[in-house]
Amino acid sequence: MFGYVTGNWGELSKEQQDRYRGVYCGICRDIRLQSSKISQMGLSYDMAFLALLLMSLYEPEEQVGNNACLLHPVKRRPWVDNEYIRYSADMNVALAYYNFLDDWQDDGKLSAKVMAQAMGKYYPPIAQRYPRQCEAIERCMKRLSELEKANCSNPDQPASAFGDLMAELMVYREDLWAPTLREMGSALGRFIYLLDGVLDYDKDEKKGKYNPFLAMGKGKNPARWEEYLVLTMGRCAQAFERLPLVQDKALLDNILYSGVWVAYRGKEQKEDHRHDR
């Protein structure tokens, strides 16, 4: 359910791509420093968006550097570091841990069990640093699991549960921007959950797994699904535009108005190509 909030690389300038990679590598670096190398396996571009958003909103001082790593052992990669990068790294680990835990408990995946056990010892310190956010992750993931096991036929309910989770992650501190960030995070979380349902529909149908649109019992309806997605992302964008963002605004616009649709448009193109043959 992660990895959809990413940039449309073809529409980014070289400078924007470098900035994006620097934030991403900064999160990866902080995951290693604050947790472990194995925790880096759960790294997602979703948290790079979170870091960029908070950095644009609060404009902290940044540290920069460059290092080689396991993925790039020869060419050194630049990284950016600040408190919001470190926060996003912690949230990435917390989300990845619960994602692996969920896959293990619900689907019995051995690989997920191994990863959940390996990352489990790094979760308590994060929960101690960010009790509100981690309590929301625990509460919302439990609620989501209950709804999915009950084969909930109303997509709005599980989408709202994931929206509640993302709403709390968006809020780094309780200040005047917290309500707007929560509103934005709630809509973004709902979008992510519904998009995941659209993209996994055929696979879930084949495997007999829960899918919010399968549970509706009305068959495939791509036009209706897109209405859900457009409406939800519209709400997210309305909150986003109320934030006083200047730094990296063009990069954030690319992610929110174009990048989040890349996977969906790719699925559409594949299905159109299949029908044309």
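Biologist: Why is Arg-21 called partly exposed?

Modeller: In this predicted model, the relative accessible area of Arg-21 is 32%. Buried means under 20% and exposed means over 50%, so a residue at 32% is partly exposed.

Biologist: How do you know that Asp-18 counts as partly exposed?

Modeller: The value for Asp-18 is 33% relative accessibility.

Biologist: What makes Arg-21 and Asp-18 a salt bridge?

Modeller: Their closest N and O atoms are 3.7 Å apart. The cut-off is 4 Å between a side-chain nitrogen of Lys or Arg and a carboxyl oxygen of Asp or Glu, so the pair qualifies. Both residues lie in helix H1 (residues 14–34), 3 residues apart, which is about one turn of the helix.

Biologist: How many salt bridges does the structure hold?

Modeller: There are 21. Side chains of opposite charge can pair when their charged atoms come close.

Biologist: Are Arg-19 and Asp-248 buried or exposed?

Modeller: Both are buried.

Biologist: Why is the pair of Asp-202 and Lys-220 said to tie together parts of the chain?

Modeller: The two side chains meet in a salt bridge at 3.2 Å, N to O, a distance within the 4 Å limit. Asp-202 lies in helix H9 (residues 201–207) and Lys-220 in the loop between helix H10 (212–215) and H11, so the bridge joins parts that are 18 residues apart in sequence. Asp-202 has 30% relative accessibility and Lys-220 has 43%. Each value falls between 20% and 50%, so both residues are partly exposed.

Biologist: Which residues are linked in a network of salt bridges?

Modeller: Arg-29, Asp-30, Asp-81 and Arg-86.

Biologist: What makes Gln-40 buried?

Modeller: Its relative accessible area is 19%. Buried means under 20%, so Gln-40 is on the buried side of the cut-off. Gln-40 sits in the loop between H1 and helix H2 (46–58). Leaving out residues up to four places away in sequence, Gln-40 touches Cys-28, Arg-29, Ile-31 and Arg-32. The side chain of Gln-40 also reaches the backbone oxygen of Cys-28 at 3.0 Å. Cys-28 itself has a relative accessible area of 16%, so Cys-28 is buried too.

Biologist: Which residues is Leu-165 in contact with, beyond its neighbours within four places in sequence?

Modeller: Leu-95, Ile-137, Cys-140 and Met-141. Leu-165 is among the residues with the most contacts inside the largest nonpolar core, which has 92 residues. Helix H3 (residues 83–107) gives the most to this core, with 13 residues.

Key
Residues are numbered from 1 along each chain as its sequence is written. This is a predicted model: local features need pLDDT of at least 70, side-chain atom pairs count only at pLDDT 80 or more; totals for chains, interfaces and linings use all residues. Side-chain values use heavy atoms; hydrogens and water are left out. Buried means under 20% relative accessible area, exposed over 50%, partly exposed in between (1.4 Å probe, protein chains only). A nonpolar core is a set of buried Ala, Val, Leu, Ile, Met, Phe, Trp, Tyr and Cys residues joined through side-chain atoms within 4.5 Å. Helices (H or I, at least four residues) and strands (E, at least two) are DSSP runs, numbered from the N terminus. Contact means heavy atoms within 4.5 Å. A polar contact is a pair of N or O atoms within 3.5 Å; within protein, one must be able to donate a hydrogen and the other to accept it, and residues adjacent in sequence count only if both atoms are side-chain atoms.
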